[in-house]
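Visitor: Please take a close look at one part of this model, the charged and aromatic side-chain contacts around its helices, and explain how they connect stretches of the chain.

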Amino acid sequence: MSASVTTVTTARIRPELFPEQIVRTSSRTLLVAALASVILFGFALRAYRLGAESLGEDELNKVRAVEEYRARGLTSANGEHPLLMKGLQTVSVVAADRWNATSFVRARPSLAVSTETAVRLPGVLLGAFTSLLIFLVAAELFGAEIGFIAAALWALDPAAIGFNRIAKEDSFLLFFFLLANVFWLRGQRVAEKGEARPERYYWAAAAAFGAMMASKYMPHYLAISASYYYIFQGVRATRWRMGKTRWLIFFAVMGVAFLVCNPTILLPGTWHEMRVFAGERRIGHDSYEYMGELYRNQMTLWLKGVPWHFYYVFMGVKLPLLTLVAFIVGLPLVFMRRMGDGRYFVLFWMFYWFFPFPLMGGKFTRYFTFALPVVLIVSAVGLHAFAQLLTRMAARLFAGDAFKPYARALVALVVLALSAYASVRAAPHYRLYTNALGGGERGSGTFFPHDEFYDGAMREIAGAVAREARTQARVASETPELFSFYARRAGREDLRSVSLSDAAALREFEPGDFIVVARGRRYFSNEAVVAALASRAQPLAEVSLGKIPAARVFLLDEASREAISAVLKQ
């Protein structure tokens, strides 16, 4: 990398809130209005029928942690994960309870906020505002047009929306990573221009990194920003230099922010929970179903676990087709020098995610939350390049530049409209969206059923069982605690919930007991029992998410009980 490249790159960046390129064909006010519209529409998609799906098993753990915080103060509940997200969820749940207790809502029960909605709302809010952060980061790297396209793609993408509607840590991790790098890249710009006090951006970045670590323990993501910083240090013209003293202050600020956002790290019980989790002793099931096959799902199995192509298949079948095509077009472009030095940040981001995660043996689609923005930024690069090509063709065809802005806008609008259409059609079950390469609606739930269904039908399953079950009936499912949670809501605290993988418990089952076979919950441990049951019995009820079958409920008779007993004796 030459010194001249660095000089050119930093010279085009301005100290205002938005880069100067933004105001070529439209006012700054128009851009702010467009960004606000994107954020609001993205929020509306994410918030639409937020409680339509049941809690997932992991989400129930968050609800229980919130309940313990409210009853006992800060504890090591769910201590394998940091506090920040659970703290915000506690605030949300308390606010929802107070709202529901008002006379206004008691007179209008339809306005009550459910537990499902309350616990997911913080992730939805941060997910919507992630669009703004993507814009600010991408605009710093590649200009405002690419930044706006990337922000809009995130707001409208069905996979992004689906990830943000899960009450898990990944959306929080991403939000604070992007926030940190808004300040980090701004600090670079200010330092290179020789302006006073770039330190305020360094310390703001450090505080945001601390919040990132208090969202999810993924310290290796700091290497993305650190690597981007260090590639410039060998260039003599570089003014962006921290020095030892600043680095010490940087890490001190980050540490303080981490402790403020995650004080439960000081509890001995938290460290115990973290050791148990790191030893893979919290793995509740022995496998993961991927494209109809079962694989062991442990991080330390590496290439012997879930196949390496898992996330690439996810991109192939879960991104809207034109977004995927744009990514394929944009990927070689980000390696080209003409994209400026900002491309290095994108390349480090892709490297530190795509190098380790596909190789690890344990995989879930929600881990892709962190990688999706960089994929969409690359897609925005591809769309921008195609738009430029189209404008040149329009200029030659119509012998002038009058159609240039319309041709460029048309490309982005078509792709964004198709993303919006895909999300609206998939709502509220966004995770089930599958593009034409994956078979469309017919392929929904066949590639990653655990993550696509995510226990979203358990409330309806419990209701169906509650209506038909005799007193003290046994119910077997792969999420017994989650079933019990919803059975109690249905007024059936008497039902005895056990694991479908518990052979000893199944041997005690009698005619009149129930077995729940949920899609995404097929494992090595229950595969034979489920197959035997399906061959000898008809389901009492079938539950769907939208139009997609999600679970079957079986009421045991003598024949089906004997079929299961025969399997258990083998």
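Guide:

E140 and R189 form a salt bridge in which the closest N and O atoms are 2.4 Å apart, where a salt bridge is a side-chain nitrogen of Lys or Arg within 4 Å of a carboxyl oxygen of Asp or Glu. This pair links distant parts of the chain, with E140 in helix α6 and R189 in helix α9, 49 residues apart; helices here are DSSP runs of H or I with at least four residues, strands are runs of E with at least two, and both are numbered from the N terminus. E140 and R189 are both buried, a term that stands for under 20% relative accessible area, with exposed meaning over 50% and partly exposed in between (1.4 Å probe, protein chains only).

The model is a predicted one, in which local features need pLDDT of at least 70 and side-chain atom pairs count only at pLDDT 80 or more, while totals for chains, interfaces and linings use all residues. Residues are numbered from 1 along each chain as its sequence is written, and side-chain values use heavy atoms, with hydrogens and water left out.

Helix α6 (residues 115-142) also holds R120, which is linked to E59 in helix α3, 61 residues apart, through a salt bridge of 3.0 Å, N to O. Both E59 and R120 are buried. Helix α3 (residues 57-72) takes part in a further contact, as its residue E57 pairs with R521 in the loop between β5 (514-518) and α23 (527-536), so that parts 464 residues apart in sequence are tied together. In this salt bridge between R521 and E57 the closest N and O atoms are 3.3 Å apart; R521 is buried, at a relative accessible area of 6%, whereas E57, at 28%, counts as partly exposed. A search of the whole structure finds 28 salt bridges, and a network of them links D58, K62, K168, E169, D170, K216 and R366.

The structure holds 53 aromatic pairs, counted where ring centres of Phe, Tyr and Trp (its six-membered ring) lie within 6.5 Å, with planes under 30 degrees apart taken as stacked, over 60 as edge-to-face and the rest as tilted. F175 and F176 make an edge-to-face pair, 5.2 Å centre to centre with 85 degrees between the planes, and both are buried. W184 and W240 are also edge-to-face, at 5.2 Å centre to centre and 65 degrees between the planes. This second pair joins W184 in helix α9 (residues 170-192) to W240 in the loop between α11 (222-230) and α12 (243-261), 56 residues apart.
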